[in-house]
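Here is a protein chain to explore.

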Amino acid sequence: MSTLLLKNATLLITMDEKRRRIEQGGLLVRDNFIEMVGPSRELPQEADRVIDASGMVVLPGLVNTHHHLYQTLTRALPAVQDVELFDWLVTLYPIWAELTAEAIYVSAQIGLAELMLSGCTTANDHLYIYPNDVTLDAEIRAAQELGIRFHPCRGSMSLGKSKGGLPPDRVVQTEEEIMADCQRVVDTYHDPSPYSMCRIVIAPCSPFSVTEELMRQSAVWARQQGLTLHTHVAETLDEEEFCLRKVGLRPVEYMQELGWVGEDVWYAHAIYLNEEEIDLLAETGTGVAHCPASNMRLGSGIAPIREMLDRDVKVGLAVDGSASNDSSHMLAEARMAMLLQRVQKGAGALSAQEALEMATLGGAAVLGRDDIGSLSPGKAADFIAVNLDRLEYAGAGHDPLGALLFCRPVNVDLSVINGRVVVEKGHIAGLDLERAIARQNEISQEMLKRAAST
């Protein structure tokens, strides 16, 4: 059994039940879990590896609850810089139809690397488009190689334009194809055990791209398998209008009708909720992935996060796809969440502490995990550290926690996932990032050229 000792942190933010902040704090890791947490002087002084965290703030690894990693290939496209969701999607679908397995793998490397360097130790991804030779396997391989804890979604689209949906028919699949592949990836990759590094999520894309039959079938099947469920809900007024026109129900009402509420379900966005719908989420334990930057970028709106938190709705943070953000920086997303609520509700609407709780404990709860999200004995050894002696924090030494969000977001100096050091001195172990970036740029241009010629 290997041990790792981190000691002398200027501040260790535990996010434990007492929300302890320990000056000159440290922790002892045995294999892949935390064995002890406390002041450094009270911990053993020897271990197989010792990390001196002097001058650093240490906190639990951040949890990203919604992403589309493949979208790192289509960032900042001029044609979609100033349009709202439906027009944005209609423009991008033909480009995404050119995705390949290699494109999925490389874009996952890029997106996950960006997340890891920004403090993310557990990531969800929602892959819902499967053209050409694309499978979920490619991004799972990238996550395994990087060493990040991963909750990949076997997403899907089955409602093409010819049947009243938004996506073109060429990028949708039949219900039979979708469910067969769900079974395959669950059998191959899903690990429900404590400290698991990979858990599969079942995730039909949205009310405007999936049939009612697939939504119902997915929920029943996923629950038989003990899996969690994820989809986009109440993201825009266009979606609300679509649902009212199609089934005579608001999006959350429609989800309830389909059996898509419960502790095993979480929604991406959830912007347009009324009081009764917020209460429903609280009563049923349904979670929310809050995507502030994407919501602003697409002009979608401001989610009622303060109201959700006040009612004990499970809320985690998410960067969303990198074609609608257009980055994958978790500390930046926490900052955006804090500031966006203040725009609407005043300076006291959301504190730095609350925003970081959403990024850690909240994300863990949304993903259905009780083994991550805090630094306490028995939890997975997932933690990050940021050096405070830097230009961005000069003059902010009186509150290291506040500095993380009120000052300019930075990359982490250290990240440990499942007891393994994966980021050290700001670099990801074993990743040829320069090569990955070069190939990503080549694939992006190739996809655009192919899409333009079809």
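## The chain as a whole

This is a predicted model. The protein chain contains 14 helices and 17 strands. Its C-alpha trace spans about 65 × 50 × 45 Å along the principal axes.

How does the radius of gyration fit a compact globule of 454 residues? Such a globule would have a value near 22 Å, and the protein chain has 21 Å, so the two agree.

## Contacts inside

Of the 454 residues, 61% count as buried. The cut-off for buried is under 20% relative accessible area.

The protein chain exposes about 16800 Å². Carbon and sulfur atoms supply 49% of that area.

## The largest pocket

Rolling a probe the size of a water molecule over the atoms shows where empty space is left. The largest pocket has a volume of about 270 Å³. It is lined by 18 residues. The closest to its centre are Arg19, Glu357, Leu361, Gly362 and Ala365.

Which helix gives the most to this lining? Helix H12 does, with seven residues. H12 covers 352-366, and helix H10 covers 305-310. Each supplies at least two residues of the lining.

What classes of residue make up the lining of the largest pocket? Eight are nonpolar, eight are charged and two are polar.

Methods
Residues numbered from 1 in each chain as written. Predicted model: local features only at pLDDT ≥ 70, side-chain atom pairs only at ≥ 80, totals over all residues. Heavy atoms only, no water. 1 Å grid on protein atoms, 1.4 Å probe; cavity = no way out; pocket = protein on both sides within 12 Å on 5 of 7 lines; lining within 4 Å. Points joined across faces, edges and corners; volume = space filled by probe spheres on them. Helix = DSSP H or I, 4+ residues; strand = E, 2+ residues; numbered from the N terminus. Nonpolar A, V, L, I, M, F, W, Y, C, P; charged D, E, K, R; others polar. Rg over C-alpha atoms; globule rule 2.2 N^0.38 Å. Buried < 20%, exposed > 50% of the residue type's maximum accessible area, 1.4 Å probe, protein only. Areas by Shrake-Rupley, 256 points an atom, 1.4 Å probe, with all protein chains shown as cover.
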